[in-house]
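Keep the sequence and the 3D view open as you read.

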Amino acid sequence: MAGKKWVYAFEEGRAEMKNLLGGKGANLAEMTYIGLPVPPGIIITTEACNQFYLENRQFPPGMEEQVREKIKLLEAKTGKEFGNAENPLLVSVRSGAPISMPGMMDTVLNLGLNDQTVEGLAAASGDRRFALDCYRRFLNMFGDVVLGIEHAKFERALETQKNKANVKFDSQLTAEDWQVVVEEYKKIIKRETGNPFPQDPIEQLFKAIYAVFNSWNTDRAIVYRKVNKIPEDLGTAVNIQAMAFGNLGNDCGTGVAFTRNPSTGVNELYGEYLINAQGEDVVAGIRTPQPIATLKDEMPEVYKQFVETCNLLEKHYRNMQDIEFTIERGKLFILQTRNGKRTAQAAIKIAVDMVNEGLITKEVAVTRVEPAHLDHLLHRRIDPNAKLEIIAKGLPASPGAAAGKVVFEADEAEKMGQEGQKVVLVRTETTPDDIHGIVQAQGILTSRGGMTSHAAVVARGMGKPCVCGCEAIRIDYEKEEFTVNNLTVKKGDIISIDGATGQVILGEVPMIDPELSSEFQQLLEWADEIRRLGVRANADTPEDAAKAREFGAEGIGLTRTEHMFMAQDRLPIVQEMILASSDAERDEALAKLLPMQEEDFYGILKAMESLPVTIRLLDPPLHEFLPNAEELMVDITKLRLAGGDSKELAEKEDLLKKVRALSEFNPMLGHRGCRLGITFPSIYAMQARAIFQAVVRLIKEGYKVIPEVEIPLVIDVNELSFLRRVVDEVAEAVMQETGTQFEYTVGTMIEVPRAALLADEIAGVADFFSFGTNDLTQTTLGFSRDDAEGKFLQEYVEKKLLAENPFVVLDRKGVGKLMEMAVKQGRSVKPELLVGICGEHGGEPSSIEFCHLTGLNYVSCSPFRVPIARLAAAQAKVKNG
C-alpha cells in the first residue's frame, strides 16, 4: 500500500482516468494535455479518499510524502515557493468526484497565506488591499470548511466593519479595513476552536485535504447522491491548483460560462463574469454579474481567446461544456471544464443539433437526454391567456412552472412535500445544505444570485422551475414572510413561479399542456429507429388512448375495465349485479351494463385503430364497488336514533350484511381476478360480448382493430382453460349472430410466482403473457404495497437493505428471475409468444433496460411516460446491443 501512487500531476492524467482522478481532475489533466492555459496543479486520487475511510479517516500510508514531492514540482513550475514570505505559492483545494456533484462538497481558495506571506503577496501584486482581501477570504473559507465554524459568524464581523466604515459593498473597504477584518477573523477562529489559526502552509494544506475527504460524507452530499443515484463508494479526488487571481484590479475577473445556452440549448455562448472578483463571488450570488457578451467590449482580446477555447473544448469533448475561468492582469486561465448541466429542453436541442453538426451520432444523441427529464417537458406551463397578478420578476433560471404554498425553510419544505403538500421554497439564496428541501419543493425562488448560482444549477439538474435574483422581494425569516412593494406574502400563501420568464405570480394560475419541439420529435424518431422494444400505453378511456397515440404509443398494453365500473352513472347498476340474490337478477344487471361497456371498448378500439389493444377483464374484489361498512354503520345508527324511514333502514341493514359477507381479511389475495370469473362466469361473458360487439361495429365501419382479451391473476392452466372457453364461446356466438368474422387473442397476466413457475403449462393455452409487476412484486416480496411504502420500505432503502424501492425500480434479483424464467419457459412451448409488461415499471428506465435484456416484446406505461419509455428503450439498445 505504501508504494501505491496516490498523487498525480495534471500532465500525468487524461480524460479517461475520470474514475481515478475525479471528473474535475481528469478534465484539468485533459485541458493541460491539449495545451490550454490551465494553472498547474496536482490531483489526489479517489482511491486515496476510499482508503482514507478504510483507515478510519486517516491518510493512507505514503500519501503525505507524495503530496510534499508534488508540491515541490508545482513550486518549480510556478517559480513560487510554498510559505515563502517574499514570493509565496498560493493554491486552491477543491473536491472532484467522478460524477459531478455541483456545490455538494467543499472548496478552499488562497491557501498558503499567513501573516508573513500576505505581505509578500502585497509586495508582488503592488496592492496591499488585494492581498488582505485574499487573506480574509482564505480565513473565512478555512474557518468554515476546515474548522467547521459557522459562516454567519464571519459574515457578522464583516458587516460590523462595513457599518463602521459606513460603506455598502465589500469593494469599498480599504486595506486598513481589511486588516481589521483579518484580525477579527483570527480571533473568531481562536475563540471557536481554542487554537490559533495555523500559520504553517503545509499544515493548512493537509487540514484542507482532510476536510475535502471528509466532505464526501456530509449530510448534504449523502442526500445529493441518494437523489441522483450516485454510488457511495466512488469517493472524491482532491485538486490542488496554483491560484490565478481575478481580483487584482479592473484588468482581472472571474466567470462561469456554458458553450451553449443551458436553458434553451441555443448555440450561443452563455454565462456571467465579474470584474475584479474571485470565483465564489459569481457562484454564491454575492454580487450581480455581467452577461458574458459584455466581456467582448471590456476585454476584446481575452474574449476572442475565450471563444476559441470554448469552441475547442466543445469539439474535443463533443458535448456542451460548463467552464470556469479567471482573468489575471489580462491573461486568461481556464480553471475547470465539465459537461454542462442543462434542462431537458436544452439537452434535446443540443443532442439533435450536434448530430446535424456532425459532432455525434444518433446513437450518442439518444444517450444524451435523461429519460426522467422528459417528464419536465411533458407537463404543464402557465396559460399565456391567463390573467396574472405578477408581483415581481427575477432571472429565468430553470424553465417550467410551479405553484404552491410559500415556505422559507428547507426542513419545512421537505416535511410538507413528504406529506403531499405542494410548496415553493423561497430563500435569499440556497446553499448545498438546502438540498433536501429543494428535492421536495415544486419550485425555488431566490432574491439573490445569478443564472449560475447554486439554486439555478441544482434546479436545472432536477428539472424543477427556478426564479433567481428576484431582488424586488424582501424576505423576513423571523416573521416568515416576504414583501414586495406594498404587498406582504406570508408562509402558507400560494404563489406561482414561471421559470421560463422569471415571473412571480400571486395565487395559483391556470396551466396548459406543453407543445413539443421539432427537436423533441426528431430525437424520439431516432429512438424509434434504434430501439428493439415496443412501447404501448395503459389507457382506460378513449381520451387516454388518443393521448397515448399522440405521444407515440404502438398500442394499448392495459385497459382496466374496473375503472369503467366506477363511473357514477354505473355504480348503482354494478351494485345491483353484486347484490343480486339469483342468477336471473345478476343477468338483468349485466344486461344494463353491456351497452355501456360496449361503448367503452368501441371508443378505445377506434382511437387505437390498426394497433393492438389489451383489455383486462374485471380484476378487483367486488366489495370495492360497495359502500364502506363503517359509513353504512354510521348511517344505520343515525336512522335508528332519529326513528328514520323503516324501509330505508331495512335496505341499509341488508346492504351492510352483504358488504360484510363480501369483505375479506386480505382482499389483495382474495376473491378477485380470474377467481371472480370462475365464480361468476356471466360477468366475464358480458365483458367479452361487449368487446366483440364493439369489434363487429368497427369492422363494419371499415376500421381495422386488434383486440387482445386478458385474464388476470391466473395461478394454473386450468383457470385459463376454463375462462378461455367462456371467451371463445361468446366470440363464436357474436360471429354467428352478426355474420361477421373477426380475429382476437386471449392471454393472461403473470402476476403471482406460481404462474411464472408454471409458464410452460400456461403458455399452451395463452396467446400472450403480460407481466403485472405491481402484484408480482407484492406476491414475490410478501409486501403489501400501500402498507410497505407507508410504513417501512423507506427504512429498507435508507439502511441499504434494498437498493431501490422495488415498486418503483424492478427488483431484478427476485421478481426479475421469475420473469426470466416465465419468458424462457413460455417460449419453449410457443417460440413466438408475445410477452409484455404493464405494471408501473413499464415507464421506469432501469426496468425498461431489464425488459430489453430479458427479450420482452413491449413495455406499457401511462400515456405521459410513453416518450420516456421510447427513449429509455433506445438507450437500453445502445448500451447493451
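Gly41 has Gln241 in E5 as its bridge partner. Strand E2 (residues 41-44) and strand E5 (residues 237-242) are joined by 4 bridges and run antiparallel. Strands here are DSSP runs of E with at least two residues, helices are runs of H or I with at least four residues, and both are numbered from the N terminus. Two strands pair if DSSP finds at least two bridges between them.

A word on the model: it is predicted, local features need pLDDT of at least 70, side-chain atom pairs count only at pLDDT 80 or more, and totals for chains, interfaces and linings use all residues. Residues are numbered from 1 along each chain as its sequence is written, and side-chain values use heavy atoms, with hydrogens and water left out.

Now step back to the whole sheet. It is open, with 5 strands in the order E1-E2-E5-E3-E4 and antiparallel pairing. Strand E1 (7-9) and strand E4 (107-111) stand at the edges with a single partner strand each, so one side of each has no neighbour in the sheet.

Next come the rings. How many aromatic pairs does a search of the whole structure find? The search finds 22. Rings of Phe, Tyr and Trp (its six-membered ring) pair if their centres lie within 6.5 Å; planes under 30 degrees apart count as stacked, over 60 as edge-to-face and the rest as tilted. Two of these pairs are set out below.

| Pair | Centre distance | Plane angle | Type |
|---|---|---|---|
| Phe52 and Phe59 | 6.1 Å | 40 degrees | tilted |
| Phe783 and Tyr796 | 6.0 Å | 80 degrees | edge-to-face |

Phe783 lies in the loop between helix H31 (773-781) and helix H32 (785-791), while Tyr796 belongs to helix H33 (residues 793-798), 13 residues apart. Phe783 is buried at 11% relative accessible area, whereas Tyr796 is partly exposed at 32%. Buried means under 20% relative accessible area, exposed over 50%, and partly exposed in between (1.4 Å probe, protein chains only).

In the other pair, Phe52 is buried at 0%, and Phe59 is buried at 16%. Phe52 and Phe59 also belong to one aromatic cluster with Tyr53, Phe206, Tyr210 and Phe213.

Finally, look for charges over rings, where NZ of Lys or CZ of Arg is within 6 Å of the ring centre and within 35 degrees of the ring normal. Lys4 lies over the face of Trp6, 5.8 Å from the ring centre. The charged end of Arg697 sits over the ring of Tyr602, at 4.1 Å from its centre.
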